[in-house]
Amino acid sequence: MQQIRVDRFALLVFLCLMLTSSVLAQAPSTPTNAAVDGSRVAKLEQQVSDAKSSADNAWMLTSSALVLMMTGPGLALFYGGLVRKKNVLATMMQSFSMMALVTVLWALFGYSLAFGPGNSFIGGFHHMFLQGVGLQPEPDYSATLPHQTFMVYQLMFAIITPALITGAFAERMKFSAMVLFMTLWSVLVYDPMAHMVWGKHGLLNAALGGRFPTLDFAGGTVVHVTSGVSALVCAIYLGRRLGYPKESMPPHSVVLSFVGACMLWVGWFGFNAGSALASNGLATSAFVATHLAAAAAVIGWSGTEWLRSGRATALGAISGAVAGLVAITPAAGFVGPMSALLIGLSAGVFCYFMVVTVKAKFGYDDSLDAFGVHGAGGTLGALLTGVFASSAVNPIFRDAHGNVLASGVVEGNPHQLLNQLVGVAIAWVIAAVGTLLILKFVDWTIGLRVTAEHEIQGLDLSQHGEEGYYWDVSR
């Protein structure tokens, strides 16, 4: 009996050892609770990252479409309504042609010169023919957007900037001269300026350690100062339209301009809020600042006009809105709502006097007030950005330890105003000198201005062989 008990005990011990060995053998292939939890967390993080990338990409593609809408139909209608009816198609064609011409230039080498790696003043040819611009993000510009999305968004800025200049020489430049001028201007003026402010290692790039960190959220210097100053040079170089200023040259359709201005206002949300390059709180802040500034500028321009002439005009109201949108462009992602109101109000009053008083005093024929609104408004907005920029809105400056530093003068950083002055001065010089040299070259090669006969006939017929309006008297 004792032997049976010993055998049973030995068998029990043997079975326990076998069971333990089996469990130990399977342990390495069976995930622990910690491993399972880690895998789930990693999967969840990837899903969150993918969702953020999708949201950012959707917003930026929408913003790209909004900015393109600013050129056609927005600017085309706005400018087209301001000229005489014999020049409406020619004026609209100038904006529309930029959508095609600049797109091709941008794909071939423009994007590479503006945003490719290079020096402090210009990019190189690393992205020529869009080489290396694929569907993976470019971390220096955005960690969540496909590189092509960033590229096409910046393309829309490159399209509208030269189109703004056409308002200065409306009704008197040959179409062929305009095409050659804009081709050279895009390459020699816009691309270097875009690189200096927004490109890698750019001289004025505040986000990527430029020598003179200029705050320009959406293009105050890059877009509006360059186009506005170039417009002034064009207006002076080409001279006045025949009959100006003695002959009355009112807009042929303020209705068209009114519709165009409303489209510009809506499209500007893509212009400014889209410059956050993400669907985030900064985009919201820029969206709000943009709208408030435009509204305040309407009041500023219309109120000043009302006090001086006894009435507020529709043309004045839409001009004021554009002036406010221009001025808030560099500041949209750096200032709060109340600062945006002040910037817009200041722009409305300032641009009104530039268009009504300064232009009359000096006598230059800036046909559609491209300089008075974009050049003057862009300069004012760039400087006021240095005054009102707030680290609470956009903590762009940090010390070596990662601590947030003051952004603007009001916040305790007076040096930023000097940086803004440097950025504006560089934009003025590049635009003025570059435009003058290009104008002289085009004038020497193919000529700039239409003949007096063609100007009297109108550019619709003389340059394109068609008319914007056909009046059938038989009906």
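This is a predicted model: local features need pLDDT of at least 70, side-chain atom pairs count only at pLDDT 80 or more; totals for chains, interfaces and linings use all residues.
Buried means under 20% relative accessible area.

**View 1. Cys234, a buried cysteine.** The relative accessibility of Cys234 is 0%, so this residue counts as buried. A search of the whole structure finds zero disulfides. Cys234 accordingly is in no disulfide. Its nearest cysteine sulfur belongs to Cys351 and is 19 Å away.

View 2. A disulfide needs the sulfur atoms within 2.5 Å.

**View 3. Helices α7 and α9 packed together.** Helix α7 covers residues 254-272, and helix α9 covers residues 314-328. Their axes are 10 Å apart. The packing angle is about 20°. Angles under 35 degrees count as roughly parallel, and α7 and α9 are therefore roughly parallel to each other. The crossing of α7 past α9 is left-handed.

**View 4. The contact of α7 with α9, residue by residue.** From α7 come Val254, Ser257, Phe258, Ala261, Leu264, Trp265, Trp268 and Asn272. From α9 come Ala314, Leu315, Ile318, Ala321, Val322, Leu325, Val326 and Ile328. Of the residues in this contact, 14 are nonpolar and two are polar. No charged residue takes part.

Notes:
Residues are numbered from 1 along each chain as its sequence is written. Side-chain values use heavy atoms; hydrogens and water are left out. Buried means under 20% relative accessible area, exposed over 50%, partly exposed in between (1.4 Å probe, protein chains only). Axes are lines fitted to C-alpha atoms, for helices over the stretch in contact, and angles run from 0 to 180 degrees between N-to-C directions. Helices (H or I, at least four residues) and strands (E, at least two) are DSSP runs, numbered from the N terminus. Angles under 35 degrees count as roughly parallel, over 145 as roughly antiparallel, 65 to 115 as roughly perpendicular and the rest as oblique. A crossing is left-handed if the near helix is turned anticlockwise from the far one by less than a right angle, and right-handed if clockwise. Contact means heavy atoms within 4.5 Å. Ala, Val, Leu, Ile, Met, Phe, Trp, Tyr, Cys and Pro count as nonpolar, Asp, Glu, Lys and Arg as charged, and the others, Gly among them, as polar.
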